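Please view the sequence and the model first, then read the points below.

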Amino acid sequence: MTAAELTALLVLCTATSFTPGPNTTLSTALAANLGLRRAVRFVLSVPVGWGLLFSLCAAGVGAMVLAVPVLRLGVQATGVGYLLWLALKLWRANTLAQADSGRLQVTFWQGVMLQFLNIKAWMLALTVVAGWLAGREDALSRFAVVLPILLAFGLCSNLTYALIGTLLRRWLADAEHGGRRLRWFNRSMAVVLVVTAAWMTTF
């Protein structure tokens, strides 16, 4: 892989990983409501799910999913529905106590599966495969370089957003304003998820 190709990959990863999306929004919201320790399992699930998705796309499965209208629509509809369901849970979580009681539980495997429900993630994976792997004689060695980079960006971006959520946690839990602050924070995050879900329908 040339220096120019590597630079282009790093720029793409930065732009796609650190801009707000369903993963970063959930990382922030979970850490703000539940604390960093409870959010880490979701943060770790993102690169695991993304790595599996990218590997499938590199093996040719991604192109098949997007080429078959029924499969593509199924992924899209399920992903949008899941994001809207998470947005509803966030909208209803008004206190840190409520959040701790289970309103915002997202398991590790739910986080992994969320990657497969994001049509944008499928298209991004196919973009990377087409631009850096497909038709190359050294595709396998390129895959061995590209995959760790993608995983590192997925981990770092979501951990960064989770740390931001952790920093907000004490401010949101302020005894005088905590309920109102947390309510509007969670509702703002819910709106971001709804907007993301609507955006996903355009792919």
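Helices (H or I, at least four residues) and strands (E, at least two) are DSSP runs, numbered from the N terminus. By this definition, the protein chain has 10 helices and zero strands. The model is predicted: local features need pLDDT of at least 70, side-chain atom pairs count only at pLDDT 80 or more, and totals for chains, interfaces and linings use all residues. Residues are numbered from 1 along each chain as its sequence is written, and side-chain values use heavy atoms, with hydrogens and water left out.

**Overall form**
- The C-alpha trace of the protein chain spans about 65 × 35 × 25 Å along its principal axes.
- Of the 203 residues in the protein chain, 44% are buried, meaning under 20% relative accessible area with a 1.4 Å probe, protein chains only.

**Helices α1 and α8**
- The axes (lines fitted to C-alpha atoms, for helices over the stretch in contact) have angles from 0 to 180 degrees between N-to-C directions.
- Helix α1 (residues 3-18) and helix α8 (residues 119-133) have axes that come within 12 Å and cross at roughly 175°.
- That makes α1 roughly antiparallel to α8, a term for angles over 145 degrees.
- Glu5, Ala8, Leu9, Leu12 and Thr16 in α1 meet Lys120, Leu124, Val128 and Trp132 in α8, where contact means heavy atoms within 4.5 Å.

**Val75**
- Val75 belongs to helix α5 (residues 69-92).
- Val75 counts as buried because its relative accessibility is 14%.
- Not counting residues up to four places away in sequence, Val75 touches Val65, Phe116, Leu117, Ile119 and Trp122.

Terms used
Angles under 35 degrees count as roughly parallel, over 145 as roughly antiparallel, 65 to 115 as roughly perpendicular and the rest as oblique. Buried means under 20% relative accessible area, exposed over 50%, partly exposed in between (1.4 Å probe, protein chains only).
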